Amino acid sequence: MAEEIELVNGGAELIPAVESLWEALFDHHLEVSRSGVATIARELSWPRRRAHYERLFSSHAHAEIWLARNAGGPVAYALWHEDEIDGRRAAVLESLSVLAAARGLGLGTRLMQTVDARARSQGIELSAVDVLSGNDRAMQLYRRYGFEPHAEFWLRSNQHAAPRPESSATAAELAGTLGLELSIDPGPDDTWISSARMASLTAVAERERDPQLLESLFARLEGDGAWTIFVYIPAPPKARPLREELANQGFRRSMERLTRVI
Ligand SMILES: CC(C)(COP(=O)(O)OP(=O)(O)OC[C@H]1O[C@@H](n2cnc3c(N)ncnc32)[C@H](O)[C@@H]1OP(=O)(O)O)[C@@H](O)C(=O)NCCC(=O)NCCS
């Protein structure tokens, strides 16, 4: 089968060609996800993902799609973009999807190798991939390929959060005192039921965190309408105290970031 498959390389013009492949990935994510957050209807997913891909192509120095197709049409794709991780240039493998009928034949590995070769040729030395918690077979494949745990995304999406009294500090100030950096991402999400503006908090400093202050930060974000909150923390052992605190406050691990020197 591998001989009959050609790889096509391109940019944003290939986005429409990956619609059915994205939907195959969406179906798979719904089957395996352990985030505990309700998911959106299938027909809502592609328009949101397409908008996300368009933003990636317009906002990153480098982004590309590798599309695998046979005589019947597209069977797999990889989409990657360049980003900075811990101050290093990195190739982020944003999506990797193989149609169910073509899995286990080496196509996923071939696409990863192709992306690595491209990234290396541009002087990039790190690759990264975010895997949904629960996607155990994909995780096994990446670990076997040499990826190592790097960070975790914890998620709470509380649609019914009650508006809370305002504190005098802004959410960004509150986050800063907790060693967290706040950004507001455009949404809504293409997998989970989420707010239109999603809060992302990155742990940038190691410190003891007062649980009450953390709780008031989350309440503040929810009160401001960003009721979907992602927290990006380093992989264990550094993550341990914050992990426990987040679990106590109803967060679940939604994704794991793996990295690999290429
Ligand atoms: C994960 C995925 C991209 C791998 O591509 P692939 O072409 O099937 O992978 P390869 O043939 O190169 O490698 C096979 C290995 O992939 C892993 N794998 C992961 N999911 C698999 C699946 N649903 N079917 C078969 N193999 C799978 C296995 O570890 C397998 O090794 P094994 O045969 O020893 O169990 C592909 O299976 C897929 O699209 N899965 C569903 C969507 C997904 O999980 N994407 C990754 C998102 S981060």
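I count a residue as buried under 20% relative accessible area and as exposed over 50%. The model I am reading is predicted.

**Entry: Ala78**

I started with Ala78, which is found in strand E3. Is Ala78 buried or exposed? Its relative accessibility is 0%, so I log Ala78 as buried. I then looked up its contacts, leaving aside neighbours within four places in sequence. Ala78 touches Glu64, Ile65 and Trp66, then Leu93, Ser95 and Leu96, and also Leu111 and Val115. I also checked a distance from Ala78 to Val32. The two are 46 residues apart along the chain, and their C-alpha atoms are separated by 20 Å.

**Entry: H1 against H2**

Next I took helix H1, residues 19-32, and helix H2, residues 42-59. Their axes come within 10 Å and cross at roughly 120°. I noted the crossing of H1 and H2 as right-handed. Which residues make the contact? From H1 I listed Glu19, Trp22, Glu23, Phe26 and Asp27. From H2 I listed Arg42, Ser45, Trp46, Arg49 and Tyr53. By type, the residues of this contact divide into 4 nonpolar, 1 polar and 5 charged.

**Entry: H2 on its own**

I checked the length of H2. Its 18 residues should span 26 Å at 1.5 Å a residue, and the end C-alpha atoms are 26 Å apart, which agrees. Then I asked which residues of H2 are buried. They are Ser45, Trp46, Arg49, Tyr53, Leu56 and Phe57. Seen down the axis of H2, these buried residues fall within an arc of 95°, so I put them on one face of the helix. An α-helix has 3.6 residues a turn, so residues three or four places apart point the same way. On the other side of H2, I found Glu43, Ser58 and Ser59 exposed. What do the buried residues of H2 pack against? I wrote down H1, strand E2 (63-70), strand E3 (73-85) and strand E4 (88-98).

**Entry: Arg49**

I went back to one residue of H2, Arg49. Its relative accessible area is 9%; the cut-off for buried is under 20%, so Arg49 counts as buried. Neighbours within four places in sequence aside, Arg49 is in contact with Trp22, Glu94, Ser95 and Asp190. Trp22 is also on my list for the contact of H1 with H2.

**Entry: H4**

Helix H4 covers residues 136-145, and I found Ala138, Met139, Tyr142 and Tyr145 buried there. They cover an arc of only 130° around the axis, which puts them on the same side of H4. Arg137 and Arg144 are exposed on the other side of H4. The buried residues of H4 pack against E4, helix H3 (107-121), strand E5 (126-132) and strand E10 (252-261). What follows H4? I found Gly146, with a positive phi near 115°.

**Entry: H6**

I moved on to helix H6, residues 211-223. Its 13 residues reach 18 Å from first C-alpha to last, close to the 18 Å expected at 1.5 Å a residue. I listed Leu214, Leu217, Phe218, Ala219, Arg220, Leu221 and Glu222 as buried in H6. What covers them includes strand E6 (148-157), helix H5 (171-177), E7, E8, strand E9 (228-234) and helix H7 (240-248).

**Entry: loops and backbone**

I finished with the loops. Asp86 is found in the loop between E3 and E4. Asp86 is not a glycine, yet its phi is positive, about 50°. Is Asp86 buried or exposed? At 63% relative accessibility, I count Asp86 as exposed.

Pro188 lies in the loop between strand E7 (180-186) and strand E8 (197-203). What kind of peptide bond joins Gly187 and Pro188? I noted a cis bond there, with omega about -5°.

Ser168 is found in the loop between E6 and H5. Its relative accessible area is 83%, so I log Ser168 as exposed. I checked Ser168 against Ala196, 28 residues apart along the chain. Their C-alpha atoms are separated by 24 Å.

Note on methods:
Residues are numbered from 1 along each chain as its sequence is written. This is a predicted model: local features need pLDDT of at least 70, side-chain atom pairs count only at pLDDT 80 or more; totals for chains, interfaces and linings use all residues. Side-chain values use heavy atoms; hydrogens and water are left out. Axes are lines fitted to C-alpha atoms, for helices over the stretch in contact, and angles run from 0 to 180 degrees between N-to-C directions. Helices (H or I, at least four residues) and strands (E, at least two) are DSSP runs, numbered from the N terminus. A crossing is left-handed if the near helix is turned anticlockwise from the far one by less than a right angle, and right-handed if clockwise. Contact means heavy atoms within 4.5 Å. Ala, Val, Leu, Ile, Met, Phe, Trp, Tyr, Cys and Pro count as nonpolar, Asp, Glu, Lys and Arg as charged, and the others, Gly among them, as polar. The expected span of a helix is 1.5 Å times one less than its number of residues. Buried means under 20% relative accessible area, exposed over 50%, partly exposed in between (1.4 Å probe, protein chains only). The arc is that of the directions from the helix axis to the C-beta atoms.
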